[in-house]
Amino acid sequence: MKLSSKRAWLVGLGWILCLECLLGISCYQGHGLSPLEPNSGNTTGIQGRIVFSGHWPDSTKEVRVAVLKSYPIGMTHPDSLMAFVLANLVAFSDTLPRFVTECNYRFSLPVGSYAWVLVAWFPDIPLYLFGVKELGAYYRMGGTQKIPSPVHVIPGVMMEGINISADLNNVKRPVPFFKTVKKQTGK
Amino acid sequence: MKTQNIHSTPETMGKQHIPGIQKAGFISGILLLCAASFGSVPQAQEKPEGRIVGTVNSRETKEPLFGANIFIVGTSLGTVSDLQGRFEISRIPQGTYMLEISLIGYKKGIFRNVRISPARTASIRADLIPIVLHQQTMVVTASKRRQRLEDAPTTVDVMDAGAIRMRSVTSLDQALENAAGFGVIDGQIDLRGSTGFNWAAGSRVLMLVDGHPLINGDTGGINWDAIPVEEVEKVEIVKGAGSALYGSNAMAGMVNVITRDPSPMPETRARFSWGFYDTPAYASWKWTDRFWTTRIAKGNWNPVHSLSFEEVDLSHSRKVGKVGFSLNASRRRSSGYFENGDYSQWNAGGKVKMDWSSRKSLSLAGNWTFNNHGEFLQWISQAKPLQAPQEELGNRIHYEKIYFHSTFKNIVNSRLDYTLKANFYRTNWRDYFRDNNDYARTDRFGVEAQFDYVAHWWKPQTVTFGSEAVHHQARSMIYGNPVMWDAALYVEDELKIADWATLTAGARYDYHRLVQVFADQQISPRTGLVLHPAKATSVRVSAGRGFRAPSIAEVFADITVSGIRVVPNLDLKKAEKATSLELGINQSLAFVPSNNRDSTRFLKNPLRWTMNRFDFQLFADIAVFSSRYENMIDVDLNPTLMAFQFVNLGKAKIQGLEFRLQGTAFRGHVSGNVGLTWIDPEDVKTGKTLNYRSRQRTVTGFDLKLGRWSFGLDYRHASRIEEVVNLFSSDERVPMHVMDGRIRLDLGSLEFSVEGKNLRNYQYTLRQRYLEPIRHFIFTMRVKP
């Protein structure tokens with residue numbers, strides 16, 4: 001089978017186009033993963049004000065807002081909390097200003113319900129994820145409820161008023177979030 | 001001296017005779033083996049000997065064929081044709097033999113009743129018929145010795161150099177992803193769902209280069225960048241338990257990369273590649289203005305400083321006297337498609353092969369690789385999947401790999417040959433992270449002696465036996481300085497029950513010791529039955545047991561990266577084990593037109609026109625398989641320590657079905673393949689799907705050759721990974737849909753190609769928070785002899 005170069009090109013491209021169409025039609029699944037706020041710019045998410053109380057520890061590395069899908073109701077043992085947090089963590093915000101008494105925050109989230117929106121404090125040590133402490137969470141009624149209030153993010157809306165009171169004294173005491181890591185010296 | 005002339009095409013057939021070799025006991029074989037080991041001891045048998053000489057030519061072009069395998073059936077004697085198509089096999093005991101001549105792309109030539117005596121030299125002239133049949137393929141990995149693909153007791157998939165090079169890959173795993181049931185997650189092989197992904201700390205598939213293990217001494221993982229892609233001759237993928245011959249790590253199969261032997265004629269090859277990354281699918285994902293397509297949109301066509309990659313490979317090969325050598329070097333650089341994803345790599349290696357005679361050869365090979373790359377562990381968020389957290393920017397790893405291996409092969413006589421192997425593999429890496437400067441240097445040294453003995457007790461059979469010893473030593477900040485070693489003995493017998501039935505049975509004993517921690521021993525049996533109920537039909541049944549001992553990393557790793565901490569587990573003392581079963585059947589079909597010069601017009605008689613021109617060859621294979629794992633080692637969260645550890649998780653089972661179809665038509669102008677794999681991977685205790693497994697995987701490939709042009713398309717699909725380790729496990733996951741396309745122009749010694757990878761710019765992850773490559777294009781120029 002000998003064809004001229006021009007004809008070879010045409011036949012080859014035709015072949016590829018046909019296959020592409022066949023495969024494309026049969027298997028088309030969009031582009032796969034997408035940004036969390038498709039077609040809505042940065043207008044889907046939460047924003048609010050954080051008021052810090054207490055003294056900022058010198059060991060503060062950074063502070064972020066963390067959003068989790070669920071809240072560990074009845075889960076008091078710190079051993080199981082770690083697994084819970086890792087499984088339910090949706091996102092951290094960008095770093096918030098440190099050593100201030102209050103600040104505003106705003107960040108994008110996918111549409112959905114989030115049971116636990118909190119301020120997370122990161123120590124200035126390498127094990128930053130495991131040394132994280134909760135400073136405070138979002139309570140719609142200002143902290144009178146037993147568990148944090150859920151936040152419902154709807155398309156195209158930046159949910160306002162997700163305000164959080166952050167107590168820096170929580171850094172000093174064990175809180176039901178992350179336990180302090182002990183150095184493993186097994187070998 | 002008289003000469004017996006046989007000039008024949010492969011259709012020359014007669015009744016098969018068992019070679020005239022005296023029956024002998026196994027003890028005499030052992031004695032012979034000992035004699036062979038000391039080299040200078042005279043032959044155990046004083047039997048008259050003769051020789052065969054001949055030539056191998058193409059029946060179509062009449063040109064001599066180089067590299068054809070000539071093999072005397074029922075013995076260990078064989079050779080390869082030279083550049084003039086000539087061959088000679090000497091010192092053949094007197095008798096009547098069957099001779100097989102095979103070469104990829106040609107129908108096998110079989111010569112029966114070849115009489116050998118001291119008084120005459122048998123002369124053979126073989127005119128091989130060009131044809132592409134899958135069953136012509138010879139493989140060396142499944143039974144640790146050369147055999148026909150259809151005689152292998154387990155599934156073997158072969159990817160040759162042509163299939164690898166046409167895909168313009170920079171790393172071998174990128175080509176192997178197109179094999180059926182073959183997944184790669186972050187460099188780790190997932191063969192039929194065996195491994196999934198365990199953060200590069202232990203592979204259930206053994207990686208080999210020229211039959212020598214190439215796995216890290218510490219993690220048991222695979223460094224794909226240490227394999228020079230341009231030097232690969234072919235890759236054999238063996239699926240199913242392989243521990244009976246290969247020991248730990250081969251519990252789910254082996255991948256053997258066979259590199260090219262030095263060329264007898266001076267030969268220089270070069271490859272120059274340049275490519276660029278296209279803009280991400282979403283504008284908000286663009287983290288830099290360095291995407292070339294973005295620049296072009298702004299009128300700036302200068303590709304310098306764009307997100308691009310390039311590669312240069314050079315190699316030279318020649319033979320001086322009986323010594324052939326090849327040298328190769330390569331340089332790769334990439335800016336990466338995400339932040340901190342750049343790398344710079346150097347690679348150099350060589351191979352020397354000395355053929356003292358057609359019976360004795362020694363090969364030495366080595367390779368050095370240095371890679372300086374940025375580290376990208378996880379993205380910031382799904383809104384910024386190509387950006388690394390601020391605190392990880394600038395983190396780098398320097399990684400050096402060196403390996404040497406040597407193989408000495410000696411065919412002692414028509415019944416016995418032996419192979420002595422030695423290999424050394426050093427990996428040496430250091431982190432240049434903001435929060436640590438961890439390092440590890442690990443040496444793996446192994447030796448092996450393997451013997452193949454062809455016997456005729458009751459029925460013709462080949463006994464493969466040998467021993468192997470491996471020593472691992474790590475010096476590391478994260479492992480300490482552990483020492484590990486293994487010693488093993490193995491034996492396997494392949495018994496030819498009848499012309500249409502072959503039975504294989506064998507076992508391997510392994511003693512494994514991690515100094516001051518634990519010692520363990522394992523016996524890994526395997527048995528298989530291969531039947532040929534009809535011409536070009538093969539049925540195989542195999543059952544085997546495999547194991548994998550915990551790696552140094554799994555026991556000792558004490559590391560924290562990006563806040564994720566892994567701690568040692570000195571109680572991890574149990575090897576994981578697997579019992580595997582497989583039933584498979586394959587069939588080759590070929591249709592050759594009766595008259596392709598027929599002058600019938602298509603419109604006048606379309607059926608006749610088609611039948612007189614259309615030819616095809618098909619190879620279909622279907623396999624059902626089941627593996628049951630005990631003490632499976634996987635990473636798990638230790639809530640008490642709030643860190644991850646490698647632990648024995650319990651029992652798991654993976655069962656499934658695989659279908660492969662490969663074919664060519666129109667004299668090889670059209671070719672294609674389809675591979676479908678379904679698995680059911682289940683944790684027996686919890687009933688959940690095992691982590692990082694896709695239940696369904698599909699690969700397809702089509703190629704069309706038209707004159708100097710060729711066009712190709714690959715498509716890969718894997719269903720959504722259902723379960724992952726409990727870290728960011730609620731992140732969105734999607735199935736994989738990847739399509740690659742290519743166009744190539746072959747001008748003889750020059751070849752140009754353009755390839756588009758991930759043409760649909762489909763965005764997906766295989767492990768948490770790591771976006772797989774976005775659409776990119778590669779331009780390649782290849783200089784070949």
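View 1. Among the elements of chain A, the lowest mean pLDDT, 64, belongs to helix 1 (residues 5-27) of chain A, and the highest, 91, to strand 1 (residues 45-53) of chain A. Over chain A as a whole, the mean pLDDT is 74, with 64% of its residues at 70 or more. Please take some care with residues 179-187 of chain A, where the pLDDT is below 50. Even so, the model gives this stretch 25 contacts beyond near neighbours in sequence. Where pLDDT is low, predicted coordinates should not be read in detail.

**View 2. An open sheet of 4 strands in chain A.** Follow the strands in the order 3-2-6-7, and you will find antiparallel pairing. Strand 3 (89-92) and strand 7 (133-137) of chain A are the edge strands; each has a single partner strand, so one side of each has no neighbour in the sheet. On average, neighbouring strands of this sheet are turned by 35 degrees against each other, direction ignored.

**View 3. Strand 2 beside strand 6 in chain A.** Here strand 2 (residues 60-68) of chain A runs antiparallel to strand 6 (residues 116-123) of chain A, and 8 bridges join the two. To get your bearings, look for A:V65, which stands opposite A:V119 in strand 6 of chain A.

**View 4. B:Q516 in a loop of chain B.** This loop lies between strand 28 (501-514) and strand 29 (518-531) of chain B. B:Q516 counts as exposed because its relative accessibility is 79%, where the cut-off for exposed is over 50%.

Conventions: Residues are numbered from 1 along each chain as its sequence is written. Chains are lettered from A and ligands numbered from 1 in the order in which they are written. This is a predicted model: local features need pLDDT of at least 70, side-chain atom pairs count only at pLDDT 80 or more; totals for chains, interfaces and linings use all residues. Side-chain values use heavy atoms; hydrogens and water are left out. Buried means under 20% relative accessible area, exposed over 50%, partly exposed in between (1.4 Å probe, protein chains only). pLDDT is the predictor's confidence in each residue, from 0 to 100. Contact means heavy atoms within 4.5 Å. Two strands pair if DSSP finds at least two bridges between them. Axes are lines fitted to C-alpha atoms, for helices over the stretch in contact, and angles run from 0 to 180 degrees between N-to-C directions.
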